[in-house]
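Me: I'm new to this one. Could you walk me through it and tell me how you know what you say?
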Amino acid sequence: MIRRSAFLVELLRNERRPRERLLTAQFARLQALLEHAWRHVPAYRDQWREHGIEPAQLREPADLRRWPVIDKLAMRRRGSEAFIDERITDRSELVRCQTSGSSGTPFEFFFARAHDQWRKAQYLRPYLSTGRRLGDQLLRLTANPSTRRPAFQRLGLLRETQLDVGAPTSEIEAAWRRLRPDVVQGYGSSLRPLALRTQAHALPAPRLLYTDSELLAPDCRKLLHDSFGTEPIDVFGSFETDNIAWQCERRGGYHVAIDCAVVEVLAADGRPLGPGEGTGDLVVTVLGNFAMPFIRYNLRDRAAWLASDCSCGRSLPLLDVTAGRADDLLTIGSERRSPMRLLGRFDRLGTAVSEYRVLQLTADELLIEVVPGPDWQASLEPALLDWVAREDGALRARVATVASIPRGPSGKYKAFESRLEPPAP
Ligand SMILES: [Zn+2]
């Protein structure tokens with residue numbers, strides 16, 4: 001906790017340090033990371049040799065464009081093990097992390113225990129920077145709720161109650177009334193059903209509302225603002241990168257954590273796009289994870305650099321993270337709820353499933369599409385059907401194995417899609 005606090009103080013100070021100074025430090029860390037990966041990480045060493053490049057050729061930041069871009073699928077194909085520092089033979093030295101099922105591609109990765117405190121500080125910065133106070137009562141809706149209460153929470157610091165996003169809306173509403181939270185945090189898709197109900201049963205207004213984990217579509221932002229009386233502050237990150245961009249209290253563009261990552265926006269031909277040059281793929285190099293480096297990792301999200309700086313005075317540059325349509329909700333009877341709990345269960349399948357998608361076809365029928373992975377067996381099907389039954393006994397489901405799942409223009413697809421007409425709000 002003490003180390004995390006020290007990191008947090010450092011990260012919060014960085015927001016106001018001159019950008020040039022942050023970029024100089026960023027480049028030095030990038031050079032060190034590439035040198036490390038070249039020496040100790042087989043997948044990068046092999047790939048860079050094939051491309052005829054080595055870290056000595058990184059003389060200035062623009063040279064990074066010569067390095068190959070990877071993504072989750074490429075890492076899975078090569079095998080995650082090859083991306084781990086080959087000197088680490090004891091996996092218990094590492095923290096294991098499974099990515100959320102929302103992207104439809106289950107994936108597991110590792111980082112060193114020493115990096116964990118930095119990650120936790122990086123996670124907290126957007127919130128503490130934009131108005132969350134240490135003494136606030138926070139209600140968080142998440143797919144993986146924890147009931148563990150760290151010692152600092154018992155002292156009244158960073159108090160947090162976590163609720164399962166898949167819980168019935170009435171249960172979440174009751175907890176909200178009981179807690180009267182200062183701050184509410186959740187996925188857009190978990191707050192949306194509450195917002196739709198709230199118009200009839202007003203909930204105690206939080207001082208701050210944060211959304212994360214999904215792209216926040218403009219229609220969802222407006223609905224949350226109208227229903228809860230405060231405009232959400234959106235935080236952008238992924239499990240692999242942690243929080244790397246967030247809106248400040250001005251709620252404009254997203255400030256980018258250039259002290260934690262090198263963030264690039266690439267055109268379809270791989271050319272880096274600068275401020276004002278348009279939208280491209282968001283590609284991230286994580287500077288702190290030496291155990292399993294992510295170097296030029298394509299998140300398959302779309303973004304654009306903004307040409308102007310924020311009026312708040314933070315020196316971190318601004319990104320516009322392109323929001324698509326709001327994520328679909330699971331409809332059960334007259335209720336709509338977040339599909340995140342159901343999707344989260346797919347993480348357990350590991351390499352049995354390469355990709356999957358859940359479609360709600362009718363009011364009581366789901367179709368689970370599965371692209372089989374190396375360990376897929378038909379005997380897994382009953383488990384998938386059981387997950388659906390656990391959402392609601394009245395839902396029917398079937399499993400279909402498919403060769404691939406069609407992609408949208410960004411190369412992404414939605415892991416949950418509802419084919420029902422949305423009921424009128
Ligand atoms: Zn700002």
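Me: Which helix gives the largest share of the lining of the largest cavity?

Reply: Helix 8, with three residues. This is a predicted model, where local features need pLDDT of at least 70, side-chain atom pairs count only at pLDDT 80 or more, and totals for chains, interfaces and linings use all residues. Residues are numbered from 1 along each chain as its sequence is written, and side-chain values use heavy atoms, leaving out hydrogens and water. Helices are DSSP runs of H or I with at least four residues, and strands are E runs of at least two, numbered from the N terminus. Helix 8 covers 188–198.

Me: What makes this a cavity, and which residues line the largest cavity?

Reply: A cavity is a set of points, on a 1 Å grid over the protein atoms alone, where a 1.4 Å probe fits but cannot get out; lining residues have an atom within 4 Å of a point. For the largest cavity, those are Val165, Ala167, Thr169, Ile172, Ser190, Pro193, Leu194, Arg336, Arg337 and Ser338.

Me: Why is the largest cavity said to lie between domain 2 and domain 3?

Reply: Domain 2 (130–231) and domain 3 (330–418) both supply lining residues, so the cavity lies between them. The bounds come from an automatic or database domain assignment.

Me: What makes strand 17 and strand 20 a pair?

Reply: They share three bridges, in the parallel sense. Val358 has Phe416 of strand 20 as its bridge partner.

Technical notes
On a 1 Å grid over the protein atoms alone, a cavity is a set of points where a 1.4 Å probe fits but cannot get out, and a pocket is an open set with protein on both sides within 12 Å along at least five of seven lines; lining residues have an atom within 4 Å of a point. Two strands pair if DSSP finds at least two bridges between them.
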